[in-house]
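Take the points in order, with the model open next to you.

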Amino acid sequence: MTPRTTRPPVGARGDLFDPLCPTRRLLDRIGGKWTSMAVKVLAEASPDEVRFAELQRRMAGVSQKMLSVTLQALCRDGLVSRRVESSVPPRVYYGLTDLGVSLEVPLAAVRQWAEEHMAEIDRAQQLADEGAADS
(Lines give C-alpha, C1' and ligand atoms only; values in the text may rest on other atoms or scores of the structure.)
Protein backbone atom coordinates (compact mmCIF):
# COMPACT_ATOMS: atom_id res chain seq x y z
CA MET A 1 0.00 0.00 0.00
CA THR A 2 1.45 3.36 -1.00
CA PRO A 3 1.25 6.32 1.37
CA ARG A 4 -1.42 8.88 0.60
CA THR A 5 -0.11 12.16 -0.78
CA THR A 6 -3.38 14.05 -1.05
CA ARG A 7 -5.86 15.17 1.54
CA PRO A 8 -8.95 13.07 2.19
CA PRO A 9 -12.20 14.44 0.73
CA VAL A 10 -14.02 17.06 2.79
CA GLY A 11 -16.43 15.34 5.15
CA ALA A 12 -14.58 12.00 5.03
CA ARG A 13 -14.14 10.24 8.35
CA GLY A 14 -10.68 10.84 9.77
CA ASP A 15 -7.85 8.43 10.38
CA LEU A 16 -5.85 9.73 13.33
CA PHE A 17 -2.80 7.72 12.29
CA ASP A 18 -2.66 9.22 8.79
CA PRO A 19 -0.22 12.18 8.87
CA LEU A 20 -2.45 14.08 6.41
CA CYS A 21 -5.62 13.55 8.40
CA PRO A 22 -7.31 16.84 9.34
CA THR A 23 -8.42 15.25 12.62
CA ARG A 24 -4.82 15.51 13.83
CA ARG A 25 -4.73 19.26 13.23
CA LEU A 26 -8.09 19.71 14.92
CA LEU A 27 -6.95 17.74 17.97
CA ASP A 28 -3.84 19.94 18.16
CA ARG A 29 -6.06 23.02 18.26
CA ILE A 30 -8.69 21.83 20.70
CA GLY A 31 -6.13 20.11 22.92
CA GLY A 32 -4.32 23.33 23.76
CA LYS A 33 -4.66 24.95 27.17
CA TRP A 34 -5.75 28.32 25.77
CA THR A 35 -8.52 26.72 23.72
CA SER A 36 -9.75 24.80 26.74
CA MET A 37 -9.73 27.94 28.88
CA ALA A 38 -11.47 30.06 26.24
CA VAL A 39 -14.18 27.47 25.71
CA LYS A 40 -14.71 27.20 29.49
CA VAL A 41 -15.03 30.97 29.96
CA LEU A 42 -17.38 31.28 26.98
CA ALA A 43 -19.43 28.25 28.11
CA GLU A 44 -19.90 29.78 31.56
CA ALA A 45 -21.23 32.95 29.91
CA SER A 46 -23.33 31.16 27.28
CA PRO A 47 -25.64 32.16 25.74
CA ASP A 48 -24.24 35.62 26.47
CA GLU A 49 -21.12 36.95 24.78
CA VAL A 50 -17.84 37.98 26.36
CA ARG A 51 -15.65 40.91 25.36
CA PHE A 52 -12.04 40.29 24.38
CA ALA A 53 -10.65 42.17 27.39
CA GLU A 54 -12.82 40.14 29.78
CA LEU A 55 -11.63 36.89 28.21
CA GLN A 56 -8.03 38.00 28.62
CA ARG A 57 -8.63 39.04 32.23
CA ARG A 58 -10.20 35.67 33.08
CA MET A 59 -7.50 33.63 31.31
CA ALA A 60 -4.52 34.40 33.53
CA GLY A 61 -1.22 34.30 31.69
CA VAL A 62 -2.54 34.51 28.12
CA SER A 63 -0.98 37.25 26.00
CA GLN A 64 -3.12 39.47 23.79
CA LYS A 65 -1.47 37.90 20.72
CA MET A 66 -2.05 34.30 21.87
CA LEU A 67 -5.67 34.99 22.78
CA SER A 68 -6.23 36.65 19.41
CA VAL A 69 -4.69 33.68 17.54
CA THR A 70 -6.72 31.21 19.62
CA LEU A 71 -10.00 33.05 19.02
CA GLN A 72 -9.30 33.41 15.29
CA ALA A 73 -8.75 29.64 15.01
CA LEU A 74 -11.92 28.90 17.02
CA CYS A 75 -13.93 31.26 14.82
CA ARG A 76 -12.48 29.71 11.67
CA ASP A 77 -13.43 26.25 12.95
CA GLY A 78 -17.00 27.40 13.60
CA LEU A 79 -16.74 26.91 17.37
CA VAL A 80 -16.89 30.59 18.33
CA SER A 81 -18.79 33.55 16.89
CA ARG A 82 -17.35 37.05 16.75
CA ARG A 83 -19.37 40.26 16.78
CA VAL A 84 -17.94 43.76 16.39
CA GLU A 85 -19.92 46.68 17.78
CA SER A 86 -19.26 49.98 16.05
CA SER A 87 -17.85 52.35 18.60
CA VAL A 88 -14.57 54.11 19.29
CA PRO A 89 -12.73 51.95 20.09
CA PRO A 90 -14.71 49.06 18.56
CA ARG A 91 -16.10 46.54 21.03
CA VAL A 92 -15.52 42.92 20.06
CA TYR A 93 -17.66 40.17 21.55
CA TYR A 94 -17.21 36.40 21.40
CA GLY A 95 -19.65 33.59 22.10
CA LEU A 96 -19.84 29.86 21.59
CA THR A 97 -21.73 28.53 18.60
CA ASP A 98 -23.85 25.40 19.01
CA LEU A 99 -20.84 23.40 17.80
CA GLY A 100 -18.65 25.13 20.40
CA VAL A 101 -21.16 24.38 23.15
CA SER A 102 -20.96 20.70 22.16
CA LEU A 103 -17.18 20.81 22.69
CA GLU A 104 -17.49 21.98 26.31
CA VAL A 105 -18.61 18.58 27.65
CA PRO A 106 -15.57 16.59 26.40
CA LEU A 107 -13.16 19.40 27.33
CA ALA A 108 -14.69 19.59 30.82
CA ALA A 109 -14.13 15.83 31.19
CA VAL A 110 -10.45 16.22 30.26
CA ARG A 111 -10.04 19.18 32.66
CA GLN A 112 -11.68 17.17 35.45
CA TRP A 113 -9.44 14.16 34.74
CA ALA A 114 -6.36 16.44 34.88
CA GLU A 115 -7.45 17.97 38.19
CA GLU A 116 -8.15 14.55 39.72
CA HIS A 117 -4.87 12.99 38.59
CA MET A 118 -2.41 15.90 38.76
CA ALA A 119 -0.93 14.73 42.08
CA GLU A 120 -0.25 11.29 40.57
CA ILE A 121 1.35 12.86 37.52
CA ASP A 122 3.50 15.10 39.74
CA ARG A 123 4.67 12.06 41.75
CA ALA A 124 5.49 10.09 38.59
CA GLN A 125 7.46 13.03 37.20
CA GLN A 126 9.32 13.47 40.46
CA LEU A 127 10.26 9.77 40.52
CA ALA A 128 11.35 9.93 36.89
CA ASP A 129 13.47 13.01 37.59
CA GLU A 130 15.05 11.36 40.64
CA GLY A 131 15.76 8.23 38.61
CA ALA A 132 17.38 10.30 35.85
CA ALA A 133 19.54 12.10 38.42
CA ASP A 134 20.74 8.74 39.78
CA SER A 135 21.86 7.56 36.33
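1. One cut-off first: a residue is called buried when its relative accessible area is under 20%. At 18%, F52 falls below that limit, so F52 is buried. Keep in mind throughout that this is a predicted model.

2. Now the sheet. Three strands form an open sheet in the order β1-β3-β2, and the pairing is antiparallel. β1 (50-51) and β2 are the edge strands, each pairing on one side only. Helix α4, residues 64-76, packs on this sheet and touches β2 and β3. The direction of α4 makes about 115° with that of β2.

3. Have a look at β2 and β3 together. Strand β2 covers residues 80-85 and pairs with β3 in the antiparallel sense, over six bridges. What joins β2 to β3? A hairpin does, through five residues. To find your way along the pairing, note that R82 stands opposite Y94 in β3, while S81 stands opposite G95 in β3.

4. Next, the aromatics. In general, a pair of rings is described by the distance of the centres and the angle of the planes. How many aromatic pairs are there? The count comes to one. The partners are F52 and Y94: their ring centres are 6.4 Å apart and their planes stand at 55°, so the pair is tilted. For the reasoning, centres have to lie within 6.5 Å, and tilted is what remains between stacked (under 30 degrees) and edge-to-face (over 60).

5. Where do the two rings come from? F52 lies in helix α3 (residues 52-58) and Y94 in strand β3 (residues 91-96), so the pair ties together parts that are 42 residues apart in sequence. Y94 has a relative accessibility of 6%, so Y94 counts as buried. F52, as said in the opening point, is buried too, at 18%.

6. The charged end of R83 sits over the ring of Y93, 4.4 Å from the ring's centre. R51 also lies over the face of Y93, at 6.0 Å from the ring centre.

7. Last, a serine. Is S36 buried or exposed? S36 has 11% relative accessibility and so counts as buried. S36 is found in helix α2, which runs over residues 33-45. Leaving aside residues up to four places away in sequence, S36 touches L107 and R111.

Technical notes
Residues numbered from 1 in each chain as written. Predicted model: local features only at pLDDT ≥ 70, side-chain atom pairs only at ≥ 80, totals over all residues. Heavy atoms only, no water. Phe/Tyr/Trp six-rings, centres within 6.5 Å; stacked < 30°, edge-to-face > 60°. Helix = DSSP H or I, 4+ residues; strand = E, 2+ residues; numbered from the N terminus. Buried < 20%, exposed > 50% of the residue type's maximum accessible area, 1.4 Å probe, protein only. Lys NZ or Arg CZ within 6 Å of the ring centre and 35° of its normal. Pairing = 2+ DSSP bridges. Contact = heavy atoms within 4.5 Å. Axes fitted to C-alpha atoms, helices over the stretch in contact; angles between N-to-C directions.
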